[in-house]
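Here's a quick briefing to read alongside the structure. Have the 3D view open and click through the side chains as you go.

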Amino acid sequence: MGVQALLAVVLGAALGTFAPAAGEHLKVLGDVFLHLVQMVVVPLVFPLIVLGIARMESVRHVGRVAGKAILYFEIVTTLILLLAVGLGKLTGIGSGAPVNQADAGSLSGMSQGIDFQKLLLDAVPKNVVAAFSEGNLLAVIVFALFVGVAMAALGEKSAPVRAVLDSWSSIMFRIVGYVIRFAPLGVLGFIAYDVAHYGLQGLTSLLGFVAVVYLGLALVLGVLFPLIAAIFRVPYLRMLRSTGDLAGIAFVTRSSEAVLAPLLSRLEAFGVSRSVTSLVVPLGYSFNTDGSTLYQGVALVFLANAYGTDTSVPTLLMMVLVLVVLSKGMAGVASASIVVLIAAGNTLGLPPQGIALLVGVDFIVDMARTAINVVGNSLAAAVIGRSERAFTPATQPKAPERV
């Protein structure tokens with residue numbers, strides 16, 4: 001699969017460069033692949049969360065795991081935001097950027113703020129059928145939590161439903177295997193479209209921004225994550241070997257949902273209990289977007305420098321506080337990182353024109369931040385599993401399943 005995806009990247013880049021008209025039309029291949037992924041995500045996540053909770057020994061155990069996960073997400077994303085604004089301050093990124101030449105029309109239709117009351121109401125589904133049909137992952141998670149807790153309370157009375165859900169999840173894993181086989185075609189379509197549609201003209205002024213984001217993501221991947229893994233005695237390199245190819249697929253497809261199902265299987269093979277992974281990883285998809293968090297921090301400092309506004313330490317800490325609040329629960333929002341930036345910019349008095357300028361290179365940084373999101377959630381599951389004594393690393397890691 002890795003070789004096929006690499007060949008698809010090369011072929012897609014060539015088509016986008018030398019046959020841009022054809023490259024633009026190949027986007028449909030990527031869209032079809034993402035539709036296939038979205039088709040199976042909710043039907044798989046629901047039974048996994050329900051079964052994971054139902055197999056825990058008590059409702060108190062469920063609350064403890066969820067509480068540890070949320071606390072871990074908050075601490076890690078705050079550390080990443082401090083790293084991001086620190087990098088932005090040290091490099092002076094954004095100074096002299098042509099923000100006044102940007103066209104804010106590219107942001108038309110996007111929210112200029114975040115309605116937290118609406119977010120909260122959307123997370124509690126009034127119609128579970130609608131939540132499933134709309135792919136509202138956060139609402140599905142909330143409903144699954146209630147179902148899992150009820151099944152755990154009923155004990156053996158819920159055994160028939162448990163057996164059905166167990167069988168259903170096995171079926172969905174098999175379907176995911178079929179879907180992942182189409183990943184190289186999706187990669188080909190996305191790369192061909194990105195190269196044909198965006199090209200490299202007019203992006204030279206933003207290469208510094210892209211470089212700082214990638215530097216920050218490299219520090220997260222190579223310094224912060226290994227430090228966390230060492231503290232909690234998680235074999236980090238072995239974890240990367242187990243899940244690295246899935247992070248690669250997320251990189252080229254720019255979709256962490258594309259690898260959600262196989263990621264759960266890999267983490268279980270790595271030694272993390274399914275009762276932990278099935279709760280922590282889906283929660284992490286909404287509350288632990290480490291790569292996106294770093295991007296937002298660097299982008300906000302970029303905008304502040306571009307407009308010559310204050311970037312003193314108190315202002316930078318205010319940026320961190322604003323992003324800590326705004327970035328949570330945004331995974332299900334279209335163009336989530338851009339929406340968060342618009343809302344944060346409004347809060348800090350930054351015009352939207354500069355954000356429009358960043359849209360031009362969003363596809364470049366989106367690939368890396370999506371891959372880091374996958375690694376971050378893998379590490380989170382292992383850390384919570386270790387704290388719950390539900391993580392036993394295999395002495396010989398299992399070979400990745402063929403998909």
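This is a predicted model: local features need pLDDT of at least 70, side-chain atom pairs count only at pLDDT 80 or more; totals for chains, interfaces and linings use all residues.

**Aromatic rings**
- In total, the structure holds six aromatic pairs.
- One of them is F46 with F143: the ring centres are 5.7 Å apart and the planes sit at 10°, so this pair counts as stacked.
- That pair links distant parts of the chain, since F46 is in helix α3 (residues 27-54) and F143 is in helix α7, 97 residues apart.
- F46 is buried, at 14% relative accessible area, while F143 is partly exposed, at 27%.
- F46, F132 and F143 make up one aromatic cluster.
- Over at Y295, the charged end of R369 sits over the ring, 4.3 Å from its centre.

**Around L137**
- L137 is in helix α7, which covers residues 137-154.
- Its relative accessibility is 11%, so L137 counts as buried.
- Leaving out residues up to four places away in sequence, L137 touches V41, V45 and Y285.
- L137 and F46 are 91 residues apart in sequence, yet 9.0 Å apart in space, C-alpha to C-alpha.

**A nonpolar patch on the surface**
- L71, I75, L79, L82, V313 and L317 form this patch, with about 550 Å² of accessible area together.
- Helices α4 (59-91) and α15 (313-326) each give two or more residues to the patch, and α4 gives the most, with four.
- L82 is found in α4 and, at 38% relative accessibility, counts as partly exposed.

Notes. Residues are numbered from 1 along each chain as its sequence is written. Side-chain values use heavy atoms; hydrogens and water are left out. Patches are made of residues with over 30% relative accessible area and no salt bridge: like charges are joined within 9 Å, nonpolar side chains (Val, Leu, Ile, Met, Phe, Trp, Tyr) within 5 Å. Accessible areas come from the Shrake-Rupley method with a 1.4 Å probe; for residues, only the protein chains shown count as cover. A salt bridge is a side-chain nitrogen of Lys or Arg within 4 Å of a carboxyl oxygen of Asp or Glu. Buried means under 20% relative accessible area, exposed over 50%, partly exposed in between (1.4 Å probe, protein chains only). Contact means heavy atoms within 4.5 Å. Rings of Phe, Tyr and Trp (its six-membered ring) pair if their centres lie within 6.5 Å; planes under 30 degrees apart count as stacked, over 60 as edge-to-face and the rest as tilted. A charge sits over a ring if NZ of Lys or CZ of Arg is within 6 Å of the ring centre and within 35 degrees of the ring normal.
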